[in-house]
Amino acid sequence: MNADAISQLIEAGLPGARAQVHSDDGVHFEATVVCEAFAGKLPLARHRLVYATLGERMGGEIHALQITALTPAEAAR
């Protein structure tokens with residue numbers, strides 16, 4: 001699994017989302033996801049939305065994922 005594939009999965013699973021994913025080692029990843037669907041949701045709910053796009057890959061192909069989940073308004077600040 002690579003950062004581009006993870007980004008594509010997140011964007012496909014969250015319509016309208018923009019995901020930037022980075023990794024220094026191909027196992028531990030950092031994602032910044034901007035999506036209107038996060039509006040009104042607490043951080044845990046936002047993370048669950050992102051994890052749902054990755055399914056069983058979490059804990060398998062993706063060992064660790066640090067998520068920054070923002071609405072477009074939050075990202076613009």
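Let me start where helix H1 meets helix H2. On the H1 side we have Ile6, Leu9, Ile10 and Gly13, and on the H2 side Val50, Thr53 and Leu54. Sorted by class, this contact has five nonpolar residues, two polar ones and no charged ones. Please keep in mind that this is a predicted model.

Now the geometry. Two packed helices are described by the angle between their axes and the distance between the axes. Here the angle is about 110 degrees, and the axes of H1 and H2 lie 8 Å apart. Angles from 65 to 115 degrees count as roughly perpendicular, and H1 and H2 are therefore roughly perpendicular to each other. The crossing of H1 past H2 is right-handed.

Next, the core. How many residues does the largest nonpolar core have? There are 18, and Ile10, Leu14, Val33, Val50 and Leu65 are the ones with the most contacts inside it. Helix H1, strands E1 and E2, helix H2 and strand E3 each supply at least two residues of this core. In soluble globular proteins, nonpolar side chains tend to be buried together.

Take Leu14 from that list. Setting aside neighbours within four places in sequence, Leu14 is in contact with Val33, Cys35, Phe38, Leu49, Val50 and Thr53.

Last, a loop residue. Thr71 sits in the loop between E3 and helix H3, which spans 72–76. Is Thr71 buried or exposed? Its relative accessible area is 8%, and buried means under 20%, so Thr71 is buried. Not counting residues up to four places away in sequence, Thr71 touches Val34, Cys35, Phe38, Ala39 and Arg46.

Terms used:
Residues are numbered from 1 along each chain as its sequence is written. This is a predicted model: local features need pLDDT of at least 70, side-chain atom pairs count only at pLDDT 80 or more; totals for chains, interfaces and linings use all residues. Side-chain values use heavy atoms; hydrogens and water are left out. A nonpolar core is a set of buried Ala, Val, Leu, Ile, Met, Phe, Trp, Tyr and Cys residues joined through side-chain atoms within 4.5 Å. Buried means under 20% relative accessible area, exposed over 50%, partly exposed in between (1.4 Å probe, protein chains only). Helices (H or I, at least four residues) and strands (E, at least two) are DSSP runs, numbered from the N terminus. Contact means heavy atoms within 4.5 Å. Axes are lines fitted to C-alpha atoms, for helices over the stretch in contact, and angles run from 0 to 180 degrees between N-to-C directions. Angles under 35 degrees count as roughly parallel, over 145 as roughly antiparallel, 65 to 115 as roughly perpendicular and the rest as oblique. A crossing is left-handed if the near helix is turned anticlockwise from the far one by less than a right angle, and right-handed if clockwise. Ala, Val, Leu, Ile, Met, Phe, Trp, Tyr, Cys and Pro count as nonpolar, Asp, Glu, Lys and Arg as charged, and the others, Gly among them, as polar.
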